[in-house]
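Welcome! Let's walk through this structure together with a few questions and answers.

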Amino acid sequence: MSGYRTLHREEGSIKNPIWSVTFVGNTLYASTAAGCVHAYQIEQKSVSDATDNLDARGLYIQHFETLHPYSSRKSIASNLMLCKVKAARVEDDDDNDNDRSGMHHNIVCAASIDGKVIIWHHHFDVERIKKSISGVVKSVGNVYTDMVYSCENVTGTNMEMRPYNYGNMHAAVGCRNGNICILGVGSEKDRKRAQLGSVVEVIESSHLGKACVMSLAWSSDSNILASGLKNGMVDIYQRSHDGNSARFTFSKLHSIVAHQKPVRALYFTHDNQILLTSGDDSKIQSYEVDREANKVRLTNSYRDVSWVLDIVSHPDSRRIMSAHADKKVKVWNLTMRESVHTFDGAHTDKVWGLSVNNDGTRIASCGDDGKIVVYSCDEK
């Protein structure tokens with residue numbers, strides 16, 4: 001029996017399109033067209049609670065907080081459309097509350113289509129949330145932030161967060177003129193040093209016509225950054241360190257013609273060996289990135305029947321998952337040209353976003369129908 005199955009459909013509570021989801025441990029964040037980010041805690045049902053392991057209710061999902069930009073009054077009127085959300089756990093923090101059992105501190109970063117980047121330092125007690133998960137609807141808390149920053153030419157449709165320097169967090173955001181801005185989104189100490197929300201580096205496009213950046217991806221070691229453009233090109237940059245200072249710089253390694261139409265999504269496999277690309281030409285391409293030989297080689301091309309709107313790699317670096325305009329989510333094996341499983345029927349409109357949790361046991365998807373769907377991705 002296949003281990004691929006739908007575990008949970010979260011629907012009805014959000015009436016707006018959801019364009020992006022991201023896992024941090026068992027916490028799932030979802031960005032919406034309504035200008036806020038919803039935080040969910042996900043826990044597996046016990047054997048006694050689960051009536052059917054193959055049904056769509058195999059998990060408890062608790063919507064415990066909603067993250068808003070600005071103050072409560074401004075947030076209602078802001079009407080930001082948040083296209084992309086990323087988050088990371090703060091493991092080493094000076095906050096005494098973070099040392100208490102069950103206290104979590106996540107940095108959450110979202111981008112809006114009007115060129116704003118919003119940052120939350122999200123503190124919550126996961127043990128308290130677990131105790132409230134009983135199948136009964138609980139009240140949802142609200143979190144506000146005044147860390148809203150404008151960035152010139154930023155599209156808001158793409159953003160990737162990765163560790164950057166000395167444990168600090170930075171985000172890469174794409175611009176309409178083809179440039180990439182690297183922003184500080186790290187610790188609250190950075191705010192005192194006026195580094196939080198500021199542009200610390202700009203990677204300037206070398207293309208004629210300055211094609212808009214549609215997608216971005218960091219390698220897991222944060223040393224390679226890939227940029228997918230509206231003209232179908234993919235640029236690959238290497239991050240290097242100036243030994244005389246704490247500054248990092250980027251140099252272009254390659255430019256490849258990956259697609260005939262806009263490049264919607266990019267993703268590096270977790271072993272950093274393969275760069276995945278997908279686009280409006282309904283193709284998924286895989287490229288071997290050989291840093292030592294300074295070469296990029298096309299290893300596989302997968303053809304589908306609809307636009308491929310997002311793509312992620314499983315932690316085993318053998319499987320990939322794709323989101324499609326025809327309402328489907330597919331699982332592929334990197335050594336095969338056909339999908340090994342298709343999740344069909346969970347969504348009723350375009351599927352825009354995907355995320356895989358750290359141990360690779362769950363996939364989450366979101367789309368224009370306002371649904372969040374969580375799947376099992378066991379091979380057995």
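Q: How many bridges join β23 to β24?
A: Keep in mind that this is a predicted model. Strands of a sheet pair through backbone hydrogen bonds, in either a parallel or an antiparallel way. Here β23 and β24 run antiparallel, and the number of bridges joining them is five.

Q: Where does Lys327 lie, and what is its phi near?
A: Most residues other than glycine have a negative phi. Lys327 lies in the loop between β24 (319–324) and β25 (329–333). Lys327 is not a glycine, yet its phi is positive, near 80°.

Q: Is Lys327 buried or partly exposed?
A: Buried would require under 20% relative accessible area, and exposed over 50%. Lys327 has 39% relative accessibility, so it counts as partly exposed.

Q: Which loop holds Asn153, and what is its phi?
A: Asn153 sits in the loop between β10 (148–150) and β11 (154–165). Although Asn153 is not a glycine, it has a positive phi of about 70°.

Q: Is Asn153 buried or partly exposed?
A: The cut-off for buried is under 20%, and for exposed over 50%. With 32% relative accessibility, Asn153 therefore counts as partly exposed.

Q: What is the length of the polar contact between the side chains of Glu43 and Gln41?
A: Glu43 is part of strand β4 (residues 37–44). Its relative accessibility is 17%, so Glu43 counts as buried. The polar contact joining the side chains of Glu43 and Gln41 is 3.2 Å.

Q: How many disulfides does the structure hold?
A: A disulfide needs two cysteine sulfur atoms within 2.5 Å. For Cys175, the nearest cysteine sulfur is that of Cys181, 3.7 Å away, and Cys175 is in no disulfide. Across the structure, the number of disulfides is zero.

Q: Is Cys175 buried or exposed?
A: A residue under 20% counts as buried. Cys175 has 2% relative accessibility, so the word for Cys175 is buried.

Notes:
Residues numbered from 1 in each chain as written. Heavy atoms only, no water. Helix = DSSP H or I, 4+ residues; strand = E, 2+ residues; numbered from the N terminus. Buried < 20%, exposed > 50% of the residue type's maximum accessible area, 1.4 Å probe, protein only. Polar contact = N/O pair within 3.5 Å; in protein donor to acceptor, adjacent residues only side chain to side chain. Pairing = 2+ DSSP bridges.
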